[in-house]
Amino acid sequence: MGRRRVGRPTLPTSTGRWSAAGLWLRWSWRDLKARWIQVAAIALVIALGTGSYAGLSSVTKWRRASTDDGYARLNMHDLRVELAQGSTVPEGALLEVARELGGGGVVDQAEERLVVPIQVDASTEERAILVPGSIYGVNVSDSGPGVDGLFVDLGRELTDDDVGKPVALLERHFGKYYDLPPTGTLEISGGQRIDYAGQTLTPEYFLVTTDRGGLIAEANFAALFTSLATAQQLTGREGLVNDLVLTVVPGSDRDALKAELTGLLAVRFPAVGATVTTREEDPAFKIIDADIDGDQQIYDIFAVLIFAGAVVAAFNLIARIVESQRREIGVAMVLGVPPARIAIRPLLVAAEIALLGVVFGVGVGVLLGQAMVSVLKDFSPLPAWHTDFQWGVFFTVGAIGFLFPFLATTWPVWRAVRVPPVQAIQSGYRAARGGGLAPLFRWVRVPGNTFAQVPVRNVVRAPRRSFLTSLGIAAAIAALVAFVGLIDSFLATIDRGEREILSANPDRLEVDLDRPYALDSEVVRVIRESPLVDQVEPQLRLGSVALKDGEDFGLQVQVLALDSTVWAPRLTAGAVDREQQGIYLSELAARNLGVRVGDSLTLRHPRLEATGTFSLVETELTVLGLHQHPFRFVAYMDSNQAGLFNLAGTTNLLEVVPVEGPTRDDMKRALFPLPGVVSAQGVSEVSEVIDDLLSEFVVLLRVIEGALLVLALLIAFNSASINMDERAREHATMFAFGVRVRTVLRMAVVENLILGIMATIAGVVAGWLLLRAIIAIRIPSTLPDLEVIPVISPTTLAISVFLGVLAVALAPLLTVRKLRRMDVPATLKVVE
Amino acid sequence: MIELEHVTRAYGEGPHQVRALDDISATIAEGEFVVVLGPSGSGKTTLLNIIGALDTPTSGTVRVAGQDITTASRGQLFAVRRRTVSFIFQGFNLFPGLTARENVQFAIDACGRKGGASADEVLESVGLTVQARQFPHQLSGGEQQRVAIARALATGNPVLLADEPTGELDFQTGVRILELLQKQSGPGRAVIVVTHNRQIARAADRVIELSSGRISSDGPPQGGKANVADLYW
């Protein structure tokens, strides 16, 4: 008998390995197919997470790239000099100062401008469009201006041929808001007519803001750009300028240059107040810059919440799959297959689900990104939008979208392959799982028969599943509450300001004058005596800066009679004292400065000099009270204190109460032609426009709300579907006892209702806390002038309750087909 | 009480068709304790499912408590299960989230029975007074099956169907369960037990033996009805 050679088992050949890999893949694919509805639901949850995060993060990249490109292409200024209101210097004087900067050689380009407030009448046949604005006299030679250039979106550029002629370019946001034709004719202060040859974008107006705190103010502010000579002629300031924009060579310290320039200006023009700002201090630049970063932070938070939902859903399903494969795992153990290899199959399932979700997510991300950018392009036009596919973003987010749900599934798999084989292969009642927390709740009885007890017991019987399901739904609701709550809070802030402004004579108008006029001047007399006017309250409004312990920010100080019957601010602290020199601040301003009623602060404010120009001086003032307006920059002083500005007996702002009958447009048309009038606006117009512009976002908000609704529904459906699977034998037993399908469904609905209530409470609380955190962290950096108080509107709350309670409760109804088609005899025999 | 006339249950079509039951005819009267005996695949569970209105025959007629369930609607089949038949399963199929008492009460609620024995009384009748507030996972296999029997009895339905009721149990426990089931047959009630265990068949009044979907024998157990205490397996 020949000897048989016995050797060590050979390692699998590469063909064998591929064959084994193919088997695992096929097997896991069959597992997927067996639960394809649940798999699709989880893949969609992951897709929503990855897609929305990747899509929105792409938008951040696009916004950043497109605005940076806009700033570069139009050579936005590094430093800007603005002379105090009404002050001018001879052309060339500011350039001379610029040339001295840094000992020369630091300035790359510098251009003088003349910027004058005007009233613009762009009325069409359909509507009266009478708004305040500014006319910018700039260099138009050689496709100029060279600094803060103009990108002509519609119409043509200005050239040397236009110098001295009444031709201008209209700021694009304004033209777009009112859907004005590309070219046309406007009327400006003093009844002068000017043609606009096109509509233009420029960095200072990538976001339209006004020095009165107007934000996204395109409806209420029109900027016109024309040649310096034309502006000088139209405003009667021949040979004069009041504004300088300059760029410096790369690597220069802007802050140091700003300080140096401020010093040079003080020496050169001691009687003229001048403010120097850096690019970073430009309101539009600052808000856009902070907004892009702030939005990304919010996307990060929402992504975490959505991924949490995806992780929970994936965990639940894989845990269920592993549970249903318990005996197969046991058999594999008995056959000596190492645990690591047994784990391959469920892990492959998890990997395939996560991969499927990420692949779907790319589609969701592309669609969402395109939808968002199309809204943004419309809302915020730029010279060019760069919307390249963001490979890096999609790759990173895709990796996160794959890894997190996948890693979440390793826990149940690890647990499953660690049980002793004998336990894994047990069948029948020996394999039955315990009752979870049900024994603790045996004394808790809800009214009704045993059908009413079953849902409660089912919730507590699988506490981990119940907790994770609630967590997933709560995450979606928290995202919804925080997201919509942000809008609610913003709108509530606007409403709060509106309530304060409209607390008396809500139909009144604010009439701005181009400079302070004596109270008995012609313009004031004409307005006072107009048959359309009932009452006139002369006031002053002056741009100032509040300073205290290193903190400083701009204020618009309104000087008015604090006992006025036309309108007066309502105080939340302190009391009106018309005789004491002092100031009334907003609560936010007081908080930011760290002052209370009775404390003092320094006000840097303009003062009329004997030369007729304004200088900036600093005065120590007592805080006499706090008012209700949510804008930080709104401050009040009594008209008895106008001497502080050397403006006693003068006015540059008239509060006009019309007689009954004329409309707001009638009033505007009547006041507009008067010499000296810069603007006439209803006091409620700012908030009306913001409401109007926000309504453009409502569709997008509804899309995001819808996505979050789908997300919560998917998680709830997934959980309901898994529960139905897991309880199939119980349901079959119920059917064997003649319990109707609708009764079984009712029990499932009640079970989900309990989960939904728990999840909604948790979600609303988490969303509220998240909203508070976002407002506390984000608003001070993005909108420091706005006091936003977190608010969740009843509508948001109702949607959340609908989402979390009703929609989640009804999710089991989606499984009715499965229940009705159940093979009862086969299910009764199922051995798990 | 139960009449089967030329009952056939086929699965599949054409050459792949399999007949789980093939032209079965039988009548079971009230008071009978019947054992349906046969090896795996003989069709005994299919027969039980058809009597229990869980399945419908491909052809033939089935009448349970006077009602033709062959032509019954889905709703009527549910009603038959609520008011005519009660099941006892091999794997017990108790509701894990409910206590023993609640499991029994569930059956009372399901059938909508008013009056009659309470859940506690039924549990007492199977000797489980002390365990009434225990959850299934806190009970032994025998106790669980007794709860399952109590649940079936609580409905008060005239037909008791048990599918391999001792299959999961050890011998001693199985004997006690069988004894309990045997006691349930009597006036107004028939008990049908499906098993592959010939020893159990010895305790029956009547044994219907199936082979390949056909009745191979129908009558009293060979050697006469044995006392449960004399059984062994």
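Predicted model: local features only at pLDDT ≥ 70, side-chain atom pairs only at ≥ 80, totals over all residues.
**Exercise 1. Find the salt bridge that joins chain A to chain B, and describe the interface around it.**

Solution. Start with the charged pair: A:Arg457 and B:Glu102 form a salt bridge, their closest N and O atoms lying 2.5 Å apart. The rule asks for a side-chain nitrogen of Lys or Arg within 4 Å of a carboxyl oxygen of Asp or Glu.

Residues are numbered from 1 along each chain as its sequence is written, chains are lettered from A and ligands numbered from 1 in the order in which they are written, and side-chain values use heavy atoms, with hydrogens and water left out.

Next, look at the chain A side: helices H13 (450-461), H19 (728-736), H20 (741-782) and H23 (824-828) each supply at least two residues that touch chain B. Helices here are DSSP runs of H or I with at least four residues, strands are runs of E with at least two, and both are numbered from the N terminus.

Finally, count contacts (heavy atoms within 4.5 Å): 36 residues of chain A meet 36 residues of chain B.

**Exercise 2. Which parts of chain A does the pair A:Arg279 and A:Asp78 link?**

Solution. First, the distance: the closest N and O atoms of this salt bridge are 3.8 Å apart. Second, the location: A:Arg279 sits in the loop between strand E12 (274-278) and helix H7 (283-324), while A:Asp78 sits in the loop between helix H2 (36-73) and strand E1 (79-83), 201 residues apart.

**Exercise 3. Work out the strand order of the six-stranded open sheet in chain B, and name its edges.**

Solution. Begin with the order, E6-E7-E8-E3-E9-E10, with mixed pairing. Strands E6 (85-88) and E10 (214-219) each have a single partner strand, so one side of each is left without a neighbour in the sheet. Two strands pair if DSSP finds at least two bridges between them. Now zoom in on one pair: five bridges join E9 (residues 206-211) to E10, running antiparallel. Within that pair, B:Glu209 stands opposite B:Ser217.
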